[in-house]
Amino acid sequence: MIRLNLTQRIWFSFISILLMVALLIGVIYPISLKSTLTEETYRIIEQEQNRFANPEGEYFAPPQTELDFIERRDAERSVFHFFLMNQFGTIEGDPVPSEVLQEMGDRAQSQMTRRGRYELTYNDAALFYVVYKVYTTGGEMYHISYMWDTYRDQMVNRLWGRLSYIMLFASLMSLVPAFWLKHYLKSPLTSLGNHFEQIAERNWKEPFHWEGDDDFEKLSNQFEKMRQNLIKYDSAQKTFIQHASHELKTPIMVVKSYAQSVKDGILPKENIENTMDVILEESNRMEKRVKDMLYYTKLESLKEAPMEMREFPFGSIGYHVGERFRLAREDVDIVVNGDQVMIYGDKEQLRVLLENLVENALRYAVSTIELNARDLGDYHVAIDVANNGDPIPEEEVEHVFTPFRKGNKGQFGLGLAIVKRICELHGGYPQVRNADKGVIFTMVLPRNKLVDNQGKL
């Protein structure tokens with residue numbers, strides 16, 4: 001298969017259109033004009049027949065232009081006349097071959113109307129004639145006027161000549177829009193291609209914007225949005241690696257230093273058991289960080305992967321999470337409300353979401369943590385996790401769901417980022433606000449799969 005570039009496609013399209021038009025004209029033109037020109041031939045014969053019989057009659061109209069004069073002169077020269085009386089008894093006018101005369105006479109004798117149109121072929125040439133019946137005192141007389149097809153052929157050739165000039169002129173004029181279209185399409189696409197090459201080389205600092213055409217402007221805006229998202233993604237990736245390295249460096253350093261001390265026979269703590277406890281604690285912390293980072297990156301890949309979406313009561317995860325963390329702080333009561341409210345989503349992911357919210361609340365709660373599910377009545381449900389701890393500083397409220405953004409008692413800065421990602425994967429959105437006593441985290445989720453996230457509380 002031949003592959004064409006944009007310029008070649010444009011030229012190929014224009015040439016194809018011209019060839020198609022020429023082909024259609026070449027096929028349709030003879031067919032459509034044949035009947036038209038035949039009718040015009042008979043009209044000329046009849047007009048000249050009337051003018052021949054009555055030169056000063058109502059059919060006579062002086063030529064208005066030089067072209068009319070030339071065409072009338074050609075018509076007068078092309079039409080011939082003769083009169084037939086008494087069934088070939090008397091013939092006056094231009095002579096005709098006997099075979100032609102015989103056929104014309106037979107048609108004239110059998111003609112029932114006053115005037116008739118006929119056509120015959122003689123020596124591979126077409127002859128058109130009109131028989132006009134005239135009643136005289138001596139009997140019937142027939143005025144026969146005829147014209148060979150040479151006049152029609154002349155008309156066809158003349159029209160073909162004019163049409164050829166028109167087609168040639170149209171072909172030349174079509175080069176102008178072809179060049180313009182090539183330039184019009186190639187300029188923005190070339191510019192866009194150059195920017196794509198820069199992005200392929202990870203150079204996306206130069207902005208791209210095209211003005212002048214709505215479609216290309218829309219394309220450039222989409223490209224610019226993609227460029228900005230790549231910049232954000234690249235920055236987030238670098239930040240993620242930097243934070244991950246920083247979060248893992250401290251426990252690795254502690255484990256390494258304690259292990260080296262034990263190897264050298266030095267116990268940093270009172271005994272080997274306490275020293276090993278420190279190593280295990282730091283190992284567990286490091287394991288927890290690695291799991292959170294792996295889970296956070298896993299959530300990014302779930303955009304394309306299907307989730308196990310189903311409907312279930314909030315209590316099936318609320319009570320489970322409450323029992324799991326109840327012993328973490330015996331001085332904090334975990335209360336579950338709205339256990340019968342139906343939630344739609346991936347149960348395992350929503351359980352992780354609730355665990356992270358409760359784990360975060362345990363670090364700040366004074367005495368109570370409330371887990372609540374409520375029906376919003378607009379095809380959405382809300383999951384609230386409230387604690388009666390200190391309020392979040394106003395300047396930090398909008399950053400609490402940012403990855404690696406830790407509060408004053410935060411651990412790794414990924415828990416709430418995971419909460420936000422799970423919420424977004426379900427078509428919802430998270431919110432946080434300071435209440436009169438404490439802080440309330442709210443997750444708004446669609447009630448079922450037919451509901452799209454259209455607004456916020």
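Student: What makes E11 and strand E12 a pair?
Tutor: This is a predicted model, and in it E11 and E12 (residues 438–446) are joined over 7 bridges in the antiparallel sense. At least two bridges are needed for pairing, so the two strands count as paired. One of the links involves proline 430, whose bridge partner in E12 is methionine 443.

Student: Which sheet do they belong to?
Tutor: An open one of 5 strands with mixed pairing, in the order E7-E9-E10-E12-E11.

Student: Why are E7 and E11 called edge strands?
Tutor: Strand E7 (333–337) and strand E11 (429–435) each pair on one side only. From one strand to the next, the twist averages 15°.

Student: What packs on the sheet?
Tutor: Helix H8 (residues 347–362) does, touching E7, strand E9 (368–375), strand E10 (380–387) and E12. The direction of H8 makes about 25° with that of E10. Helix H10 (residues 415–425) packs on the sheet too, touching E11 and E12, and its direction makes about 25° with that of E12.

Student: Now for helix H4 (residues 150–200), where phenylalanine 169 is found. Why is phenylalanine 169 called exposed?
Tutor: Its relative accessible area is 55%. The cut-off for exposed is over 50%, so phenylalanine 169 qualifies.

Student: Which residues make the nonpolar surface patch of about 320 Å²?
Tutor: Phe169, Met173 and Val176 make that patch.

Note on methods:
Residues numbered from 1 in each chain as written. Predicted model: local features only at pLDDT ≥ 70, side-chain atom pairs only at ≥ 80, totals over all residues. Heavy atoms only, no water. Patch = residues over 30% accessible without salt bridge, like charges linked within 9 Å, V, L, I, M, F, W, Y side chains within 5 Å. Areas by Shrake-Rupley, 256 points an atom, 1.4 Å probe, with all protein chains shown as cover. Salt bridge = Lys/Arg side-chain N within 4 Å of Asp/Glu carboxyl O. Helix = DSSP H or I, 4+ residues; strand = E, 2+ residues; numbered from the N terminus. Buried < 20%, exposed > 50% of the residue type's maximum accessible area, 1.4 Å probe, protein only. Axes fitted to C-alpha atoms, helices over the stretch in contact; angles between N-to-C directions. Contact = heavy atoms within 4.5 Å.
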